[in-house]
Amino acid sequence: MDLTPFLVNLEGNTFDEVLLSVAVKGKVAIAMKGRFLLRAICESISDRRLIGCAITDEASCLDYLRQEPYELLICTDHLEGGNGFELTRKAKELQSDLKVVMLALGDVIPAEYEHAPWLEAVVAEADIVDDQRPLQAAVIAVMGHHSYRSPSLRSGNLPYLSCPRLTPREYEVLDLLASGLSDREIAQRLGVSDETARTYTKRLLQTLSVNNRMQAVLKGVRCGMVQLG
């Protein structure tokens, strides 16, 4: 999937704070597994003119990187085609000054990549659910030419995960969020008003004890309630 041509139509923020809280002058490449994460990261960048590509597979991202210089790549370890570790390695070969932040959906760094010099910043999915704002910290670190590992990757201990019971409606809303739909699109799908859809989303966040939609979906994935689509 290539979301790049549709970036101007995205609305809202998926995080409580924008992701890029530091100045980024160059292009940003985003490669995520599934429409939800792709849209979530794009929405969390305040100036979307910085986003040069937003895709879900390794090959397409590398095609973009061959065309012009990029300053920052944000990717997941798992992609719909290829994987983020190999994407990072190849991207750094193409552009040695490229800074990279990886979201590890598997919460681990495979042994063969753990000490790779090109793997600058890695954030475990569990730490995003635990609300420690590690993605923001990782971006700040690499923009300052530092390496970064989120708390559970440093300690080797995953935070405690409590999985509440959802109502049928909450399951439905969670599934639609994981599919990458906005509140407006959820309203259209459920045949309710935009405000009612927002209320459904707020109630879901409360039930899951999270602060934003990204945390909700990732916690749903970790609890086996939903799959990223």
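## Exercises on a predicted model

S1, H1 and S2 make a right-handed β-α-β unit, where right-handed means that, with the strands pointing away from the viewer, the path from the first strand over the helix to the second runs clockwise. Helices (H or I, at least four residues) and strands (E, at least two) are DSSP runs, numbered from the N terminus. This is a predicted model, in which local features need pLDDT of at least 70 and side-chain atom pairs count only at pLDDT 80 or more, while totals for chains, interfaces and linings use all residues. Residues are numbered from 1 along each chain as its sequence is written, and side-chain values use heavy atoms, with hydrogens and water left out.

**Exercise 1.** Describe the surroundings of strand S1 (residues 28-31).

*Solution.* Begin with the neighbours: S1 runs parallel to S2 (residues 51-55), joined by 4 bridges, and also parallel to S3 (residues 72-76), again through 4 bridges; strands pair if DSSP finds at least two bridges between them. Next, Ala-29 stands opposite Cys-53 in S2, whereas Val-28 has Leu-72 of S3 as its bridge partner. Finally, Val-28 and Ile-30 on one side and Ala-29 and Ala-31 on the other are all buried, that is, under 20% relative accessible area with a 1.4 Å probe, protein chains only (exposed is over 50%, partly exposed in between).

**Exercise 2.** Characterise the disulfide of Cys-163 and Cys-223.

*Solution.* The two sulfurs are 2.1 Å apart, and a disulfide requires cysteine sulfur atoms within 2.5 Å. The S-S torsion is about -85°, so the disulfide is left-handed. Cys-163 is partly exposed at 42% relative accessibility, while Cys-223 is buried at 17%.
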